[in-house]
Amino acid sequence: MDFKNQLANTSFYTSASSPDSLPADEGYEVAFAGRSNAGKSSAINRLCNQKSLARTSKTPGRTQLINFFSVSPVNKLADLPGYGYAKASHSKQRQWLELLEYYFTHRQALKGTIIVMDIRHPFQDADQKMINWCTHHHCDVHILLNKSDKLSRNKAHNQLQAASNILSHDKNASSSIQLFSAMTGYGVDEAMSKIYSWFGTS
Ligand SMILES: Nc1nc2c(ncn2[C@@H]2O[C@H](COP(=O)(O)OP(=O)(O)O)[C@@H](O)[C@H]2O)c(=O)[nH]1
Ligand SMILES: [Mg+2]
């Protein structure tokens, strides 16, 4: 077992705004999804041990691109555009749906999706839709209950328990869940193990 952070040399690869601009469908990919402001960019930065690999922003929902990062010559991370942003126009939302639908339907390289949720309000409608979508396309899901530093230990574990119960009702999903904090680094090793297992490098 190699304990070195395999994500530490991750670098920006390319962005795609439409199905025809996606990079070649080869190797292994792990996607990151989440509601705007849940801390998706912060989680990617923390896992890759880099300050500004994925942009973090206080103005959520601007990007409608899939940003690809190369972890190694064969492995990539795909940062999916944040969802559930009410102010996005209908045409933007439609474009988002089309791109994501295409990606989940066709992407052979996709091994699993990390869904980042704010632990204080997890499982919003849009999160549930994303989980269902992954299940429908036979894509494994791993949920990060992010910002766990905002709650006491007890409250965080209660949230984890409640969330695990919700997940266990979904019989078809191959899913797992954990506490995480992009701010403190809590849960990094567990998340990393999941990503390595999807890449086949654990
Ligand atoms: N306290 C705390 N704040 C966080 C954490 N992760 C992200 N944030 C903050 O939440 C806001 C949104 O984060 P960002 O990564 O841009 O979210 P994104 O829209 O999902 O990519 C920023 O102000 C971050 O500093 C965390 O684990 N703990
Ligand atoms: Mg972001």
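In what order do the seven strands of the open sheet run? In this predicted model, the order is β1-β3-β4-β2-β5-β6-β7, and the pairing is mixed. The edges belong to β1 (11-16) and β7 (175-179); each has just a single partner strand, so one side of each goes without a neighbour in the sheet. From one strand to the next, the twist averages 20 degrees.

Zooming in on one pair, strand β3 (residues 66-70) and strand β4 (residues 75-79) run antiparallel and are joined by four bridges. Here N67 sits opposite D79 in β4. Helix α1, meanwhile, packs on the sheet, where it touches β2 (28-34), β4, β5 (110-118) and β6 (140-146). The direction of α1 makes about 140 degrees with that of β2.

Helix α1 (residues 40-47) also turns up at the ligand: with three residues, it gives the most to the shell around ligand 1. That shell counts 18 residues, and the closest are N37, G39, K40, S42 and D149. Sorted by class, it holds three nonpolar, nine polar and six charged residues.

A polar backbone atom of N37 lies 2.7 Å from an oxygen atom of ligand 1, and a polar backbone atom of G39 is 2.9 Å from an oxygen atom of the ligand. S42 brings in its side chain instead, with a polar atom 2.6 Å from a ligand 1 oxygen. On its own, ligand 1 has 580 Å² of accessible area, and the protein covers 82% of that.

How values were computed: Residues numbered from 1 in each chain as written. Chains lettered and ligands numbered in written order. Predicted model: local features only at pLDDT ≥ 70, side-chain atom pairs only at ≥ 80, totals over all residues. Heavy atoms only, no water. Near = heavy atom within 4 Å. Polar contact = N/O pair within 3.5 Å; in protein donor to acceptor, adjacent residues only side chain to side chain. Areas by Shrake-Rupley, 256 points an atom, 1.4 Å probe, with all protein chains shown as cover. Helix = DSSP H or I, 4+ residues; strand = E, 2+ residues; numbered from the N terminus. Nonpolar A, V, L, I, M, F, W, Y, C, P; charged D, E, K, R; others polar. Pairing = 2+ DSSP bridges. Axes fitted to C-alpha atoms, helices over the stretch in contact; angles between N-to-C directions. Contact = heavy atoms within 4.5 Å.
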